[in-house]
Amino acid sequence: MMNNIIEENGDLRIDFESGAVVMIAAVDDAMGLGRRGAIPWNVPSDRAFFRRQTMGAAVIVGRVTYESLPVGRDGRRGLDGRLCAVLSRRSVAAPGAGVVWGSDAGELLERCRGARGVVYVAGGGMVYRALLPQATDVLLSRIAGDWQCDVQFVAVGAPEWQLVAAWPMPGFVLQWWRKSAHDGV
């Protein structure tokens, strides 16, 4: 699988091939994702990276993550310029334009692949666990410190995952992990 690493004006973006399923998350030193339904740190450069990286793609989130998204000018939640797919056992109240929901992780993933090609998985913890087997890559923004999170990211490491690259960014270190190829054994 060939990917392009694009750097423009100091901004980094990885151009994944169609069909990739990329988990994207910001985690603390203890692999924590969030606390009490919110992200406990404020790193604007990480939010800018997330927006730049996921623009134009499908992004799968859980209901709690969806409900934590800001409300747009139209009074609805979502991710501008991206298809926001909500994985939940119950429907989402008044989904906005560009928002779909489903209760089956596999079916929702296939709907997203058909719509946009590259699919990002952006949390929360249960959604990451449900879609980890289908993931091809992981982009981790490593935020320094232990923020006493109550939701943890899934374990990513050798031998199943290989670190491709790491870049120091303002306020965090970006790591790109790729699932190791298996020889059928």
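Biologist: Which strands does helix 3 lie across?

Modeller: In this predicted model, helix 3 (residues 105-116) lies across strands 3, 5, 6, 7 and 8. Its direction makes about 175 degrees with strand 6.

Biologist: How should I read the sheet itself, and in what order do its strands come?

Modeller: The general idea first: strands of a sheet pair through backbone hydrogen bonds, either parallel or antiparallel. Here, eight strands make an open sheet with mixed pairing, in the order 7-6-5-8-3-9-12-11. Strand 7 (99-102) and strand 11 (161-169) are at the edges; each has a single partner strand, so one side of each lacks a neighbour in the sheet. On average, neighbouring strands are turned by 25 degrees against each other, direction ignored.

Biologist: What does the pairing of strand 6 and strand 7 look like?

Modeller: Strand 6 (residues 83-87) pairs with strand 7 in the parallel sense, over four bridges. Within this pair, Cys84 stands opposite Val99 of strand 7.

Biologist: Strand 12 holds Lys179. Is this residue buried or exposed?

Modeller: Lys179 is buried, yet has no salt bridge. A salt bridge needs a charged pair within 4 Å, and the nearest side chain of opposite charge, Glu160, is 4.1 Å away.

Biologist: Which backbone oxygens does the Lys179 side chain reach, then?

Modeller: There are two to look at: the backbone oxygen of Leu132 at 3.3 Å, and that of Pro133, 2.9 Å from a polar atom of the Lys179 side chain. Lys179 also touches other residues, among them Gln134, Thr136 and Trp161.

Key
Residues are numbered from 1 along each chain as its sequence is written. This is a predicted model: local features need pLDDT of at least 70, side-chain atom pairs count only at pLDDT 80 or more; totals for chains, interfaces and linings use all residues. Side-chain values use heavy atoms; hydrogens and water are left out. Helices (H or I, at least four residues) and strands (E, at least two) are DSSP runs, numbered from the N terminus. Buried means under 20% relative accessible area, exposed over 50%, partly exposed in between (1.4 Å probe, protein chains only). Lys and Arg count as positive and Asp and Glu as negative; His and the chain ends are not counted. A polar contact is a pair of N or O atoms within 3.5 Å; within protein, one must be able to donate a hydrogen and the other to accept it, and residues adjacent in sequence count only if both atoms are side-chain atoms. Contact means heavy atoms within 4.5 Å. Two strands pair if DSSP finds at least two bridges between them. Axes are lines fitted to C-alpha atoms, for helices over the stretch in contact, and angles run from 0 to 180 degrees between N-to-C directions. Lists of a residue's contacts leave out its neighbours within four places in sequence.
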